[in-house]
Amino acid sequence: MAPETGAPSDAPQRLAVMWSGGSGIAYGLRLVEILLQSGREVHVSATDGALRVLRHEAGLPVDPQQPDLAALFPAELRANLRVHALAAVEAAPSSGSAGIGAVVVCPCSMGTLARIAHGFSSNLVERAADVAIKEGRRLVVVPRETPLSPIHLQNMLDLARLGVVVLPAMPGFYHRPQTVADVVDFVVGKILDRLGIEHPIVRRWQTPKPTPKTPYDEDEER
Ligand SMILES: Cc1cc2nc3c(=O)[nH]c(=O)nc-3n(C[C@H](O)[C@H](O)[C@H](O)COP(=O)(O)O)c2cc1C
């Protein structure tokens, strides 16, 4: 039986994954890859900040003037990938009638988070998030910053109170990751759970077996 994710069963088939300039572009890349592998239609756009992070963190040769984001994915996955220019506010994710069931901003910079919280809609990334909020659709933002200032915390609280899922890129270590890819998958698995999308990428926690008694436990019992 498939594990319960606690998420609604009406998993979206068409999603927008928006990349902004927070650290952790690996999360955004992996999320799009998994969604495409699942056969879903994925709309992608990236801020200039995201393109900078792509160059610094992933070493990927993305031309800031003409970024070829589709080339980041294997050819066999590209059929359901729709890449949009950041300025293309006429693209599908800008419209509530385009049938996009969920929007994920991953990673979400503090700048983009602030602009979403205040309804700026000044580019396709922010507009897609704004549309998800106004339509009452799932919006997940994946911020990454530390430490967090009161401004950051207030913006996150404002979004959470609107029903936005604020899912910080905070990997857990209880599944004993062996590689960076395992750490990335922990966060991506949490995002997929919130979208109600089944996935095999993280081993689910189970009740631990009782551990043998230690000399310390015996002392305590005396
Ligand atoms: C390598 C790199 C890492 C960054 N990491 C973060 C980060 O973790 N969180 C954050 O909020 N901003 C981070 N920034 C700064 C944002 O990219 C910057 O504030 C940018 O203006 C955000 O623009 P955007 O919201 O349009 O993407 C980083 C920038 C670079 C180049």
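## A crossover at the sheet edge

Strand β5, helix α5 and strand β6 form a right-handed β-α-β unit. Right-handed means that, with the strands pointing away from the viewer, the path from the first strand over the helix to the second runs clockwise. Helices (H or I, at least four residues) and strands (E, at least two) are DSSP runs, numbered from the N terminus. The model is a predicted one: local features need pLDDT of at least 70, side-chain atom pairs count only at pLDDT 80 or more, and totals for chains, interfaces and linings use all residues. Residue numbers start from 1 along each chain as its sequence is written.

β5 and β6 pair in the parallel sense, over two bridges. Two strands count as paired if DSSP finds at least two bridges between them. Val141 has Val166 as its bridge partner in β6.

## The sheet

Six strands make an open sheet, with parallel pairing and the order β3-β2-β1-β4-β5-β6. Its edge strands are β3 (81–83) and β6 (165–166), each pairing on one side only. Strands of a sheet pair through backbone hydrogen bonds, either parallel or antiparallel.

β1 (residues 14–19) pairs with β2 (residues 41–46) over six parallel bridges. β1 also pairs with β4 (residues 102–108), in the parallel sense over four bridges. Val17 can be followed into both neighbours. Its bridge partner in β2 is Val44, and in β4 it is Val104. Val104 in turn has Val140 as its bridge partner in β5. β4 and β5 (residues 138–143) share five bridges, again parallel. Ala102 is bridged to Arg138 of β5.

How many residues of β5 are buried? Six of the six are, so β5 is largely enclosed by the rest of the structure. Buried means that 20 or more other C-beta atoms lie within 10 Å of the residue's own; 12 or fewer means exposed, anything in between partly exposed, and C-beta atoms are placed from the backbone.

## Helix α1

β1, α1 and β2 make a right-handed β-α-β unit. α1 covers residues 25–37, which is 13 residues. At 1.5 Å a residue, the helix should span 18 Å, and its end C-alpha atoms are 18 Å apart, which agrees. The expected span is 1.5 Å times one less than the number of residues.

Ten of the 13 residues of α1 are buried, so the helix is largely enclosed by the rest of the structure. Among them are Ile25, Tyr27, Leu29, Val32 and Leu36. Gly39 follows α1 and has a positive phi, near 90°.

α4 (residues 124–135) lies across β1, β2, β4 and β5, and runs at about 135° to β4. Axes are lines fitted to C-alpha atoms, for helices over the stretch in contact; angles run from 0 to 180 degrees between N-to-C directions. Asp130 sits in α4. Is Asp130 buried or exposed? Asp130 counts as buried because it has 21 C-beta neighbours inside 10 Å. Its C-alpha atom is 8.5 Å from that of Ser94, 36 residues apart along the chain.

Leaving aside neighbours within four places in sequence, Asp130 is in contact with Ile116, Gly119 and Ser121. Contact means that the C-beta atoms, placed from the backbone, lie within 7 Å. Ile116 is one of the buried residues of α3, which also include Thr112, Leu113, Arg115 and Ala117. Their cover includes β4, α4, β5 and α5 (150–161). Gly119 follows α3, with a positive phi near 70°.

Definitions and conventions. Two residues are in contact if their C-beta atoms, placed from the backbone, lie within 7 Å.
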